[in-house]
Amino acid sequence: MRTLHPLLFTALALLLAGCPPEFEGDATGECTDLADNDKDGDFDCDDDGCAGSPECAGDDDDATDDDDATDDDDDDDADDAELVVVEAEIVAITAPNFGFDLATALEVVTLEGVAREDVVSVAWSSTSGDSGTADGVQTWTIADLPLDAGDNVITVTGTTGDGEVGEAAITVSSTSGVAFTSGLVLNETVLFTGTATEVVAEVWVDATAPVDAVEVGTADPSGALIASWGPLTDSGGGLWTGSFVVTESSEATLAVRAFAVADAASGATPAVGVTVMDVPAESDVTPLLTIAAEARDVYEASAPDIDPTAARDAAIDYLLTESAVTSVGASANDGYGLWWIAEGIGFVMTNNPAGTRGGGSPGSDLPRTVYPSTGVGASRGWTVTSQGDVGRSPGSQPRASLPVTGNTDALAIAAFNTDFAPNDETPTLATTFSNHACPNLTNPGVVMNTAATVGAFLTQFGKGVFITSTHGDTFFGGAPPPNDWGSNNAASQVVILTNEAATVGSIMANIADVMSGRLVIDTGAPPVLAYTPAWVTAHAAGDPFPNSIVGISACRSTWNNTMSAAYLAAGAGYYYGYTDYVFSSYAQTRTTAFWTNMLNRTTTGAAFAVMAAPNVPDDAVSPAFPTAQGDGTMYLGAGEFTNGGFESGAADWTDTGQSSFQTNLSLPGYSGTTAPEGTQMGWSFIEATGSNYHEWEHEFCPVAGSDVTVTFKWQVVTEDWSSCTGSNPNWLNLRVDSDEGNTEHWAVTWDEVCPLLTDVGPAKQTGWQDASVTITAPVTVNPGNESLAFSVGGWNYDGWYGLIDDIEITE
């Protein structure tokens, strides 16, 4: 068979440098398992290590089909593309570090994971020479696995009752004395010759055991530094980041590591393979799109709605005759999925029956990987230990007393509203987000249909909430691409479709993402660009998710842990999706239920429990369930007040009392009393001596028991200051009001005001003062009836003003 660009395979070989040598065929079944076990770019019978193996008998000149998927074995077609048949992952690693490679100062590591429902045993082996059996099967643990110094490749093997075997692997580098807690993340893993490229890098170090310096550079096969790209900077919380401009003059494969020094100790992360290649020309891309269009024509001409398997096989037969095609992939069942690699570019072909959010229906008897541990469709609220929390951004950690989203910025993308309407929940949810005051989600609207470009999807990074309804599927499996393309799983990868047309122009504009496998081409009508887990990992470098809630309402968005792990490792706190090909009416109801509960200030786990009930799939043909991974105790952050700066006048505020509440840029007639920023501030005026008061209040909905910090600016302006030497009962205060009663949390009295007063025309003013108040949110029967209230009042003076502006809360 032909192989993908040889430099990509060399990169993988360098990734494993320093490990004991292995060869294809040194273990039973390796010559027929459709895997590149020694990571040299050759598979099974095409690898020299399998020469002489009984499974590889045959000279390609007989009637048997012994090394490819076509029936033309009598013409020595060793260079034809290979058909790779895949199915659901048999076993997967979920922790530590969400299954991604990492480095650690520990001498032992504990692995956790899941297995497909028909798996009966899970075993493990390590390049350290140790091996054993995992504790558990469908959810399994390998506790205190010993590590040698340097790289340790740990392979977990699941075996089904029928004897089928599947593997998952993780590289853990033991760096005694240097407390790395993640692997190295690079935003670019493909560089083009002669092109200056900015490479952004990040790595995590245990903040309690800081290192002296961290640098990134290329390494030799032994793991030693060859050439430094530059140093990283401590960004706080254990995150070290940096960027470098890298220019390579010739094609090469580089092994890039992060190196750290702490006192007299040093260590390095596992290597990241970086390929340097000539940039493809437009003339190289055009024929690949022609092949994709012709494959789609062959597929459609074979009546896929009547016999999808026959249509898929017809497309496979066509693709296997094309010299540009390296590998073709298909599901092991009668599903619709079809994938191929052509000149290093990935293509996906799906069939979209009306009403579904992805490819076709795969049949109800397909074995599935059980996510999460308590069964298909149930919630898994991971603890810090079991989710492999290392490697997340500082903003991804629980703050104050509760885990909440790092901000309330929201993004909603309805990429295929035309396909899904009227059962597309995303536009309705976007409107709900925009109109909801407490918690207040800052939402600019919804991105729809062809506006949902790659660029639009890129704006999800940094958002506290990201939701999308779009098409999804799983891409390829086995070998060759996934390990080279940054997935943490050797089998199928989830792909999420944008609605940006895949043209020569859009492909060339995203060529680095395309050639690294971060973007693939979905061959629909028209073809569009779709992103893989590696795209999430790469683009989160330097811009991680702030403990976000991510919801991808698409087919197969939780088919396995590839996409969810990428989001969680990139800083998200919670991720939900659907296990299989899901109908829009089902997804609309379930997704809406989740967000209705989240907006009522329930936890992610409680909201998901409602989303998952009843625990039945959408129908008997396409058995899709909602599933979720991440922290089940998260809440939406309360965020800033709507109109906390009064930029919309008195909107969203309710005022009561005997005096006056207004908003304006300044107090009329008093210089120096303008708003500290913006064009508005809020103020109340005590008009006359006597029992005057005024208060203005805003809906307030912190999570019961959480610690909320309210910051604001205040000022007092008074026309009567003659009695500052006495004690007077005038006040400006802050309260929390509820059905159970009102509680004062901050107040400034006249005795405190007087020393601050300075002249301002015919009156005196304190000037703008800063205040910060921490409130433990009360437990109330009716949380929706709570409010935050500012009040001014007094008995002794007339003609004084209480000013407030720039109110913000942090939960």
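**Helices α12 and α13**

I started with α12 (residues 584-599) and α13 (residues 604-612), whose axes come within 8 Å and cross at roughly 150 degrees in this predicted model. That makes α12 roughly antiparallel to α13, a label for angles over 145 degrees, with under 35 being roughly parallel, 65 to 115 roughly perpendicular and the rest oblique. Axes here are lines fitted to C-alpha atoms, for helices over the stretch in contact, with angles from 0 to 180 degrees between N-to-C directions. Helices (H or I, at least four residues) and strands (E, at least two) are DSSP runs, numbered from the N terminus.

I noted the crossing of α12 and α13 as right-handed; the near helix is turned clockwise from the far one by less than a right angle in that case, and anticlockwise in a left-handed one. Next I listed the contact (heavy atoms within 4.5 Å): R590, T591, A593, F594, N597 and M598 of α12 meet T604, A607, F608, V610, M611 and A612 of α13. These residues divide into eight nonpolar, three polar and one charged. Nonpolar covers Ala, Val, Leu, Ile, Met, Phe, Trp, Tyr, Cys and Pro, charged covers Asp, Glu, Lys and Arg, and the others, Gly among them, are polar.

**Helices α2 and α3**

I then looked at α2 (residues 282-301) and α3 (residues 308-319), with axes that come within 8 Å and cross at roughly 145 degrees. The crossing of α2 and α3 is right-handed. From α2, I291, E294, A295, V298 and Y299 touch P308, A311, R312, A314, A315, Y318 and L319 of α3. By class I have 10 nonpolar, no polar and two charged residues in the contact of α2 with α3.

**The five-stranded sheet**

I traced an open sheet in the order β33-β36-β43-β38-β39, with antiparallel pairing; strands pair if DSSP finds at least two bridges between them. β33 (654-657) and β39 (741-749) stand at the edges with a single partner strand each, so one side of each has no neighbour in the sheet. Neighbouring strands are turned by 20 degrees against each other on average, direction ignored. Seven bridges join β38 (residues 731-738) to β43 (residues 787-794), and I found V736 opposite L788 in β43.

**Confidence**

I checked pLDDT, the predictor's confidence in each residue from 0 to 100: the protein's mean is 79, and 77% of its residues reach 70 or more. It stays under 50 over residues 57-78, which have 31 contacts beyond four places in sequence.

**Conventions**

Residues are numbered from 1 along each chain as its sequence is written, and side-chain values use heavy atoms, leaving out hydrogens and water. For this predicted model, local features need pLDDT of at least 70 and side-chain atom pairs count only at pLDDT 80 or more, while totals for chains, interfaces and linings use all residues.
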